[in-house]
Amino acid sequence: MGKQMTEMLKGTLEGLVLALLAEQPAYGYEITTRLRDHGFADIAEGTIYALLVRIEQKSLVDVEKVPSEKGPPRKVYSLNAQGREELEDFWKTWNFLAKHIEQLNTTTTSNKEN
């Protein structure tokens, strides 16, 4: 993954994780796997765990410790009401940016063709 992609992803990763948790609760490794399944193959597990700590501190998720067959209990994260509001704000912002970036891209691309 290029540096520009990495920088852009940093700003959106929290929203992506919240979106996955809106679908269903999950633990850290499971979230990483689901992101990879959606094409984000280069995301390191450590990045996701650090992000989970932040969203837990921001009270966007509820956490339940669930026994694991191997090792210590797993922390399962589920989106709470505050997290749903944050996700809604994320999608509004994303849609605004995507629309305006696409308009700019279309304008600059058509100017190059002329």
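Predicted model: local features only at pLDDT ≥ 70, side-chain atom pairs only at ≥ 80, totals over all residues.

Colleague: At what angle do α1 and α3 pack?

Modeller: Helix α1, residues 3–23, and helix α3, residues 45–57, pack at about 80°, and their axes are 11 Å apart. That angle makes α1 roughly perpendicular to α3, because 65 to 115 degrees counts as such.

Colleague: Which residues make the contact?

Modeller: From α1 they are Leu13, Glu14, Val17, Leu18 and Leu21, and from α3 they are Thr47, Ile48, Leu51, Leu52 and Ile55. Eight of these are nonpolar, one is polar and one is charged.

Colleague: Staying with α3, which of its residues are buried?

Modeller: Ile48, Leu51, Leu52 and Ile55 of α3 are buried. They cover an arc of only 105° around the axis, so they sit on the same side of α3. Their cover includes α1, α2, β1 (61–66) and β2.

Colleague: And how far apart are the end C-alpha atoms of α3?

Modeller: They are 19 Å apart, which agrees with the 18 Å that 13 residues should span at 1.5 Å a residue.

Colleague: Turning to α2, which residues are buried there?

Modeller: In α2, residues 28–37, the buried residues are Gly28, Ile31, Thr32, Arg34 and Leu35. Seen down the axis, they fall within an arc of 165°, so they line one face of α2. They pack against α1, α3 and β2 (74–79).

Colleague: What follows α2 and α3?

Modeller: Gly39 follows α2 and has a positive phi near 100°. Ser59 follows α3, with a positive phi near 60°.

Note on methods
Residues numbered from 1 in each chain as written. Heavy atoms only, no water. Axes fitted to C-alpha atoms, helices over the stretch in contact; angles between N-to-C directions. Helix = DSSP H or I, 4+ residues; strand = E, 2+ residues; numbered from the N terminus. Parallel < 35°, antiparallel > 145°, perpendicular 65-115°, else oblique. Contact = heavy atoms within 4.5 Å. Nonpolar A, V, L, I, M, F, W, Y, C, P; charged D, E, K, R; others polar. Buried < 20%, exposed > 50% of the residue type's maximum accessible area, 1.4 Å probe, protein only. Arc of directions from axis to C-beta. Expected span 1.5 Å × (residues − 1).
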